[in-house]
Amino acid sequence: MKKQLKTQVTCFLNTFGEMEQRSMFGGTGFFHQDAMFALLTDKRFYLRGGGIVTAALVDKGCKKFVHVKKSSSAVVNYYDVTALFIEDDVELAVLVKASRDHALNDRAYKTGGHHRRLRDLPNLRLTIERMLKKSGVEDISTFYSMAPEEIFRRLQVTHGNDLDLCLLWKLAGAQQGRHWKLIEEDERERLLSAV
């Protein structure tokens with residue numbers, strides 16, 4: 001069942017354009033032009049909410065995804081569309097396109113950066129913004145142009161090698177638009193090995 005659902009969902013999503021898959025929230029995240037809009041876990045298919053998509057998904061009775069970790073859980077803006085997919089709901093294709101477009105627009109807004117400050121990004125605050133500026137990362141466009149591990153190495157040069165590793169997770173989470181505690185263990189290990 002798990003493998004069959006993944007194959008079916010992957011084939012369905014591929015009809016909406018070129019996709020990239022990455023490990024996310026203990027499942028597989030589907031990205032279009034680096035913007036995540038769908039999630040597949042062992043038995044469930046989720047679609048990113050936002051704008052009119054959220055209202056439509058709530059109207060259809062879709063519940064939010066809860067990511068459970070060892071010591072905490074987090075509710076994220078993804079809605080369970082498994083039943084809509086299995087029942088071949090005629091509106092699902094429209095919702096997928098709207099979700100994908102909303103994710104792309106949201107990513108463009110976040111990476112555009114001319115009107116936002118670093119401290120407005122997830123996980124960052126005034127103290128971290130000041131640290132970043134002192135290290136030469138002065139604006140959002142510079143922040144997004146560098147890998148999180150590269151930014152962390154710059155911070156180590158400016159502020160010392162004893163920086164808390166949570167800062168590395170926070171930088172990665174800020175670039176991905178999610179809370180740092182939601183970063184998977186394998187991704188943390190990859191980031192750590194690059195520092």
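Because the model is predicted, local features need pLDDT of at least 70 and side-chain atom pairs count only at pLDDT 80 or more, while totals for chains, interfaces and linings use all residues. Residues are numbered from 1 along each chain as its sequence is written, and side-chain values use heavy atoms, with hydrogens and water left out.

Start with strand β3, residues 35–40. Helices (H or I, at least four residues) and strands (E, at least two) are DSSP runs, numbered from the N terminus. All six of the six residues in β3 are buried, where buried means under 20% relative accessible area, exposed over 50% and partly exposed in between (1.4 Å probe, protein chains only). On one side of the pairing, β3 runs antiparallel to β2 (residues 27–32), with five bridges between them; strands count as paired if DSSP finds at least two bridges. Thr28 has Leu40 of β3 as its bridge partner. The β2–β3 hairpin has two residues between its strands, and Gln33 in that turn shows a positive phi of about 50°. Leu40 turns up again, bridged to Phe45 in β4. Strand β4 (residues 45–48) is antiparallel to β3 and joined by three bridges, and the hairpin linking β3 to β4 goes through four residues.

Lys170 sits in helix α8, residues 166–176. This lysine is buried but makes no salt bridge, and Asp164, the nearest side chain of opposite charge, is 6.8 Å away. A salt bridge here needs a side-chain nitrogen of Lys or Arg within 4 Å of a carboxyl oxygen of Asp or Glu. Leaving aside residues up to four places away in sequence, Lys170 touches Pro122, Asn123, Leu124, Arg125, Ile128 and Trp180, with contact meaning heavy atoms within 4.5 Å.

Glu91 lies in the loop between α3 (82–86) and α4 (92–112). Glu91 counts as partly exposed because its relative accessibility is 43%. Ala56 is 35 residues from Glu91 in sequence, yet their C-alpha atoms are 9.6 Å apart.

Of its 30 lining residues, Met24, Phe31, Gln175, Gln176 and Gly177 are the closest to the centre. Elements that each supply at least two lining residues include β3 and α8.

Conventions
Lys and Arg count as positive and Asp and Glu as negative; His and the chain ends are not counted. On a 1 Å grid over the protein atoms alone, a cavity is a set of points where a 1.4 Å probe fits but cannot get out, and a pocket is an open set with protein on both sides within 12 Å along at least five of seven lines; lining residues have an atom within 4 Å of a point.
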